[in-house]
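Visitor: Could you put the model up and take me through parts of it?

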Amino acid sequence: MFVVATAGHVDHGKSTLVRALTGMEPDRWAEERRRGMTIDLGFAWTTLPSGATIAFVDVPGHERFVPNMLAGVGPVPAALIVVAADEGWMPQSAEHLAALDALGVAYGLLAVTRADLADPGPATARARAEIAATSLGTVEAVAVSGLTGAGLPELRTALDRLAAGLPAPAVDDPVRLWVDRSFTVRGSGTVVTGTLGAGRLRVGDELELAGTQETVRVRGLHSLGEARPDVAAVARVAVNLRGTSRDRIGRGDALLTSGRFHRTDLVDVRLTGDPAAELPAALTLHVGSAAVPVRVRPLGADTVRLRLARPLPLLVGDRALLRDPGRHHVAGGVRVLDVAPPPLARRGAAAARAQVLADLDGRPDLAGELRRRRLIRAGTLIRMGVPAHVAPVAGDWLADPAHWRRLGDQVTEEVTRYARDHPLEPGMPVDVLRQRLALPDRVLVEALIRPPLRVHAGRVGAAGVADLPEPVARSVQRVRDEYGDRPFRAPEADHLVDLGLGPREIGAAVRAGALLRLADNVVLLPDALDDAVRVLAGLPQPFTLSAARQALDTTRRVAVPLLELLDRRGATRRLPDDARIVVT
């Protein structure tokens with residue numbers, strides 16, 4: 001199937017032409033048929049000579065109903081432009097063409113109707129010249145009469161050629177179905193319709209409502225009046241939803257593949273129409289089937305920032321249209337450059353931002369996004385419409401390679417500086433380092449650590465006693481020199497001070513494994529435990545505290561906490577009579 005939207009001035013025969021081509025009545029409302037004028041969107045379909053199916057979205061031509069027209073044209077890849085031979089090019093012909101150009105529609109066909117009432121030549125020449133100056137370029141033209149049927153076979157053949165030239169649909173992309181109708185069917189519940197431009201829908205799928213972020217389930221699918229188990233793009237589709245009521249979803253909402261779209265109310269865009277200086281401060285943004293008021297902030301010669309009245313599921317590269325509802329004209333088209341732009345808080349920030357945007361063309365660019373954002377989660381990029389096909393640096397975090405290398409160098413600098421400023425601490429706390437590096441996640445800090453640095457007990461530092469601060473290392477060496485041949489003698493508290501070992505210095509040495517703390521102000525060299533076990537194992541078993549003290553050549557002040565530590569570590573076992581044995 002392929003889907004085409006009509007476009008053209010009121011009363012130029014769009015609905016008559018669709019009716020003649022399909023045998024179906026596109027005007028859905030009795031009021032439309034009574035007045036002979038399309039007010040809202042109509043839908044019809046038929047089979048072409050090649051066997052391909054074409055579905056029409058018939059749009060109103062009157063200027064009062066341009067918002068309805070835009071809701072139908074927005075998601076559709078091709079247009080059938082209709083101009084009457086007896087009236088020629090008219091104001092709404094121009095506005096509809098401007099809308100197609102702003103939305104970047106690149107495939108189309110010209111039908112010159114009422115060829116039985118006037119020579120179609122002048123109208124055809126004028127219309128083709130107008131169309132050629134837009135995104136549609138040179139289009140095929142067919143003169144027809146919906147009343148007599150003249151030219152209809154040629155038009156069907158031309159529509160076949162148009163369909164053959166369309167790009168293949170992206171059926172593996174996530175679904176973003178812009179809703180153009182919402183209603184209730186008795187016994188079935190809420191039904192919405194739209195043009196499926198990409199992806200595939202299946203019965204049972206779970207989707208997300210863009211407006212409320214509710215999860216809904218596809219209860220049933222219809223396309224061209226038939227129930228289907230699945231529908232692939234491009235197609236007109238009706239979706240029966242379970243999990244939401246009719247008043248929770250309407251035109252301008254969207255059904256989304258869960259977790260694949262970024263809802264945003266702030267976007268930076270490039271204008272394809274009038275320059276930013278000429279735009280009013282308040283306009284309406286038309287994208288998909290949505291129409292949302294926006295505030296406009298000029299940035300550069302052709303770039304602006306839009307503040308949306310409500311969030312929309314937009315992607316980098318989306319095409320949209322700005323319209324001035326007060327003056328009833330298209331203000332210009334836009335191409336979305338950034339759906340998560342940075343704040344503009346400082347003087348000169350807007351001009352600086354314009355320079356950044358000058359290098360963007362609206363095409364997803366992974367390397368560029370990483371360079372500008374430095375660090376970003378892969379899922380966030382995907383929801384922005386940017387494929388994330390590089391390996392994460394940690395978790396699901398992606399990094400600009402140059403920035404990641406700079407961070408690695410900064411880690412060494414920050415850890416070295418912290419050690420100099422805090423000589424008695426066993427390393428830099430990981431969270432302090434994270435804050436110094438302005439990193440959003442602790443896992444990034446740990447991924448940046450390289451030997452000789454390591455993370456231990458929540459701190460980053462160099463491994464080993466040799467990395468003790470110089471003053472502490474000298475004091476420990478003095479202890480080793482003085483007590484090396486008396487390993488179970490502990491310096492008294494005042495002598496520890498004389499050696500340069502106060503509470504903070506002792507703590508640093510103990511954490512580094514340079515000293516063994518038995519109790520407050522009772523420290524030994526770190527190999528004392530193994531030596532003690534060897535000495536005690538040579539005593540008759542079991543042995544008393546007094547026997548142990550004499551064998552170790554130490555005092556009760558050291559022997560009591562030393563034996564208690566050996567008990568806790570399972571090297572010795574205390575018996576009911578307070579004697580001990582060495583556990584082998």
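**Hairpin, sheet and helices**

Visitor: What do β18 and β19 form, and how many residues are between them?
Guide: A hairpin, with two residues between β18 and β19. In the turn, G288 has a positive phi of about 60°. Strands here are DSSP runs of E, at least two residues, and helices are runs of H or I, at least four residues, numbered from the N terminus.

Visitor: What sort of model is this?
Guide: This is a predicted model, in which local features need pLDDT of at least 70 and side-chain atom pairs count only at pLDDT 80 or more, while totals for chains, interfaces and linings use all residues. Residues are numbered from 1 along each chain as its sequence is written, and side-chain values use heavy atoms, with hydrogens and water left out.

Visitor: Back to β18. How many bridges join β18 to β19?
Guide: Six, and the two strands run antiparallel; β19 covers residues 290-298. Two strands count as paired if DSSP finds at least two bridges between them. β18 also pairs with β21 (residues 319-324), again in the antiparallel sense, over three bridges.

Visitor: Which residues stand opposite H286?
Guide: A291 in β19, and L321 in β21.

Visitor: Is β18 enclosed or open?
Guide: Five of the six residues of β18 (residues 282-287) are buried, so the strand is largely enclosed by the rest of the structure. Buried means under 20% relative accessible area, exposed over 50%, and partly exposed in between, with a 1.4 Å probe and protein chains only.

Visitor: New topic. What is the order of the open sheet of six strands?
Guide: β2-β3-β1-β4-β5-β6, with mixed pairing. β2 and β6 (140-143) are the edge strands, each pairing on one side only. From one strand to the next the twist averages 25°.

Visitor: How do β1 and β4 run?
Guide: Parallel, joined by four bridges. A5 has A79 in β4 as its bridge partner.

Visitor: What does α6 touch on the sheet?
Guide: α6 packs on it and touches β1, β2, β3, β4, β5 and β6. The direction of α6 makes about 170° with that of β5. Contact means heavy atoms within 4.5 Å. Axes are lines fitted to C-alpha atoms, for helices over the stretch in contact, and angles run from 0 to 180 degrees between N-to-C directions.

Visitor: At what angle do α1 and α6 cross?
Guide: Roughly 85°, with the axes of α1 (residues 14-22) and α6 (residues 152-164) coming within 11 Å. That makes α1 roughly perpendicular to α6. Angles of 65 to 115 degrees count as roughly perpendicular, under 35 as roughly parallel, over 145 as roughly antiparallel and the rest as oblique.

Visitor: Which residues meet there?
Guide: L17, A20 and L21 in α1 meet L152, L155, R156 and L159 in α6.

Visitor: Which residues of α1 are buried?
Guide: K14, S15, L17, V18, L21 and T22. They cover an arc of only 160° around the axis, which puts them on the same side of α1. The arc is that of the directions from the helix axis to the C-beta atoms. G23 follows α1 and has a positive phi, near 75°.

Visitor: And which are the buried residues of α16?
Guide: In α16 (residues 528-537) they are A528, L529, A532 and L536. Seen down the axis, these fall within an arc of 95°, so they line one face of the helix. D530 and R534, on the other side of α16, are exposed.
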